[in-house]
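Dear colleague,

I am passing on the structure below, and would be glad if you kept it open while reading the notes that follow it.

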Amino acid sequence: MVLRDAVDGDDPPAKEAGPRACSVPVRGTGHRTFSVQERVDWMLPEEEPVALVYNRRTFAVMLASPADLEDFGLGFSLSERIVAHGSELHEIEVKRLDEGLSVQMTIPSARAAALVGRRRALEGRSGCGLCGIESLKALRHPLPAVISPVVAPAAIAQALNQLEQHQPMRALNHSVHGAAWCDRHGRILLAREDVGRHSALDKLIGAMCRQGMDTGDGFVVLSSRCGFELVQKAAAVGIGLLASVSAPTTMAFSKACEAGMTLAVSARGKGIVLLKEGS
């Protein structure tokens, strides 16, 4: 995979120099005591349209936090099974356009041809990983089988409790989701953030691929509930355990059982609840 700079005549590349705050200060009126007003500064999370372009054809436009977009492009490509391996993404370039951002990617011609019938008709909102799919059949593709790792509930609880410490954006704006990769002992090794939970996971998957991490030797913790699109994305890259701060939907649980994946939930007063087929 090549990360290319823009050449003469191209639109200028967006700056991707590591993590950024993705927060914009605004001035508001606070009502801390509900009777005394005060001027306050508040941080709003940045959200921009991001076009995902393969071989010069736009596949989808998502709303996302404008950080770690190279990770986003790679992770989206893997989790949506556009490519099977990171090595199939030959080139990636992030561009700043008048309308937003563009992640330009080059993949094998056979992979690009397979996208013609899958191209999304609408933009993808930050809160939904499904916007714009063209038929209900797209929801019913069988998931690849995964191996659920053996992880102690205490390790899962530790990772969930430490997730906020790995969310610098959230520390500023209190409004973004986080996804983190953890080893079997509950140590957080890598984390990414985004206004969309599915985009946070895509960024994490891309970052893991670029760093050569084994998706079968650990688990993911999520700051959101576990929707079925997160199960789909995790299964696509071989992740066998997802831990979230609230319960999954019935569809998410059904798809997890189909793939052999374990879901873990932080349950107040009950520690960690493990959900898997037959439990």
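Strand E10 (residues 219-225) and strand E11 (residues 241-246) run parallel and are joined by four bridges, and in one of these pairings Val220 has Leu242 of E11 as its bridge partner. Please bear in mind that the model is a predicted one.

These two strands belong to an open sheet of six strands, whose order is E9-E8-E10-E11-E12-E13 and whose pairing is mixed. The edges are formed by strand E9 (188-194) and strand E13 (271-275), each of which pairs on one side only. If direction is ignored, neighbouring strands of this sheet are turned by 25 degrees against each other on average.

Helix H5 (residues 197-210) packs on the sheet, where it touches strand E8 (177-182), E9 and E10, and its direction makes about 140 degrees with that of E9. As a check on the helix geometry, the 14 residues of H5 should span 20 Å at 1.5 Å a residue, and because the end C-alpha atoms are 20 Å apart, the two values agree.

H5 is also mostly covered, with twelve of its 14 residues buried; among them are Arg197, Asp202 and Lys203, as well as Leu201, Leu204, Ile205 and Met208. Just after H5, Gly212 takes a positive phi of about 70 degrees.

With best regards

Conventions
Residues are numbered from 1 along each chain as its sequence is written. This is a predicted model: local features need pLDDT of at least 70, side-chain atom pairs count only at pLDDT 80 or more; totals for chains, interfaces and linings use all residues. Side-chain values use heavy atoms; hydrogens and water are left out. Two strands pair if DSSP finds at least two bridges between them. Axes are lines fitted to C-alpha atoms, for helices over the stretch in contact, and angles run from 0 to 180 degrees between N-to-C directions. Contact means heavy atoms within 4.5 Å. The expected span of a helix is 1.5 Å times one less than its number of residues. Buried means under 20% relative accessible area, exposed over 50%, partly exposed in between (1.4 Å probe, protein chains only).
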